[in-house]
Amino acid sequence: MRVLITGATGLVGNALTDLLLSEGISIHYLTTAKNKLKSTPGKTGFYWNPEAGEIDESALIGVDAIVHLAGATISKRWTDSYKQEIIESRILSANLLFNLLRKNPHEVKQIVSASAIGIYKDSLDTVYREDATQKDDGFLGHVVQKWEESIDKFKILGLKTCKLRTGIVLSRNGGALPQMAKPIEWYVGAPLGSGRQFMSWIHLEDLTRMYLFALTQGLDGVFNATAPNPVTNKDFTKMLAKRLHRPLILPNVPAFALKLLLGEMHLLLVSSQNVNSEKIRNAGFDFKYNPLGEALDDLYPQ
Ligand SMILES: NC(=O)c1ccc[n+]([C@@H]2O[C@H](COP(=O)([O-])OP(=O)(O)OC[C@H]3O[C@@H](n4cnc5c(N)ncnc54)[C@H](OP(=O)(O)O)[C@@H]3O)[C@@H](O)[C@H]2O)c1
């Protein structure tokens, strides 16, 4: 099997590449950075520039499935121009792949794409399954809906389209966890906002195992990629502090202070999505890390 990965040089993509290679799956990857182009046994890099509509077409040779992870990070201040980049980096890139497949003979049967739980409306009470109709009507909800639409288009070409609505990915190497751990390590950690907002998280290793599962099982449709037991921000902060052997002394950081500091992006920290992942479990996927304590034990071994 050969898989073409976009965004392969990022947090998820790096770990996924290692896992697929260890399973004997060969990798083609597309990168926007020429200095990240490398060929090693089982893995070959190709250049693309989605904004300019440029792509090395030989990336498609022998490919059975595409994994679409590319996208500008959402953890950077949401100015108007950066918001545009967040959207375009996901959608222009998907469209470029779509047109490449449409115009060329190929053997691609499936696209598996990252998506995000930010599609669901901020709520303390609702438990979100994949068929939820309450979509976030803010910027993030808009991005994710457009992103998923750009993947659904591949159905016209006869591909299976699998979208993994990903929660907060836990890793020591990047993403939210080191950012949460830092203030705690410096004795200035505290729950954010009310602290009651749900954080639906997933260990990076489980997420990469889920991509592998989606590829080998030929999954089609949308799946929540979150561990079975989401926790509130207050509980998450407490458990992380315990794991790091630090006290929590300060009161909650008020939402307005976060807004002053981060602008609209503060919504990432205070909005609540309690997400249910029964659908992927019913499809046969087993989480290795659940509940949160087990994930933190693995990430911060004592
Ligand atoms: N980490 C999380 O907690 C989380 C949660 C929910 C959803 N997701 C989604 O899952 C996907 C992978 O996440 P990640 O944490 O691995 O992201 P990441 O570390 O930020 O990596 C994303 C990759 O996308 C490519 N990229 C960046 N800007 C781009 C642009 N303007 N145009 C085209 N490609 C661009 C880069 O690859 P090159 O430099 O090689 O081009 C980069 O390595 C992302 O789409 C993210 O939104 C992540």
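Which residues does serine 39 touch, not counting residues up to four places away in sequence? This tour returns to that question after a view of the whole chain.

**Before starting**

This is a predicted model, in which local features need pLDDT of at least 70 and side-chain atom pairs count only at pLDDT 80 or more, while totals for chains, interfaces and linings use all residues. Residues are numbered from 1 along each chain as its sequence is written, and side-chain values use heavy atoms, with hydrogens and water left out.

**Stop 1: the whole protein**

Display the entire chain as a cartoon. The C-alpha atoms fill a box of roughly 60 × 40 × 40 Å along the principal axes. For 302 residues, a compact globule would have a radius of gyration near 19 Å, and the protein agrees, with 19 Å. This radius is taken over C-alpha atoms, and the globule rule is 2.2 Å times the number of residues to the power 0.38.

Buried residues make up 51% of the 302 residues. Buried means under 20% relative accessible area, exposed over 50%, and partly exposed in between (1.4 Å probe, protein chains only).

Contacts (heavy atoms within 4.5 Å) can also be considered for the whole chain. Among those between residues at least 6 apart in sequence, 77% join residues at least 24 apart.

**Stop 2: serine 39 and threonine 44**

Select serine 39, in strand E3 (residues 39–40). Serine 39 is exposed, with a relative accessible area of 56%. The answer to the opening question is that serine 39 touches Thr44 and Gly45, residues up to four places away in sequence not being counted.

Move on to threonine 44, in strand E4 (residues 43–49). Threonine 44 counts as partly exposed, at 27% relative accessibility. With residues up to four places away in sequence again left out, threonine 44 touches Ile27, His28, Tyr29, Lys38 and Ser39.

Two distances may be drawn from here. From serine 39 to asparagine 290, C-alpha to C-alpha, there are 36 Å in space and 251 residues in sequence. Between threonine 44 and leucine 262, which are 218 residues apart along the chain, the C-alpha atoms are separated by 38 Å.

**Stop 3: aromatic pairs**

A pair of aromatic rings is described by the distance of the centres and the angle of the planes. A search of the whole structure finds five aromatic pairs. Rings of Phe, Tyr and Trp (its six-membered ring) pair if their centres lie within 6.5 Å; planes under 30 degrees apart count as stacked, over 60 as edge-to-face and the rest as tilted.

Select phenylalanine 98 and phenylalanine 154. Their ring centres are 5.5 Å apart and their planes stand at 85°, so the pair is edge-to-face. Phenylalanine 98 belongs to helix H2 (residues 80–103) and phenylalanine 154 to the loop between helix H3 (139–152) and strand E9 (160–166), so the pair ties together parts that are 56 residues apart in sequence. Both phenylalanine 98 and phenylalanine 154 are buried.

Now select phenylalanine 213 and phenylalanine 285, an edge-to-face pair with 5.6 Å centre to centre and 65° between the planes. Phenylalanine 213 is in helix H5 (residues 204–216) and phenylalanine 285 in the loop between helix H9 (278–282) and helix H10 (292–299), 72 residues apart. Phenylalanine 213 counts as buried at 12% relative accessibility, and phenylalanine 285 is buried at 3%.

**Stop 4: the backbone**

Most residues other than glycine have a negative phi, and most peptide bonds are trans. The following places depart from that pattern.

- Asparagine 290 and proline 291 are joined by a cis peptide bond, with omega about 0°; proline 291 lies in the loop between H9 and H10.
- Tyrosine 187 has a positive phi of about 65°. Tyrosine 187 is in the loop between helix H4 (176–185) and strand E11 (198–199) and counts as partly exposed, at 44% relative accessibility.
- Histidine 245 has a positive phi of about 55°. Histidine 245 is in the loop between helix H6 (233–243) and helix H7 (255–262) and counts as exposed, at 57% relative accessibility.

Notes
Helix = DSSP H or I, 4+ residues; strand = E, 2+ residues; numbered from the N terminus.
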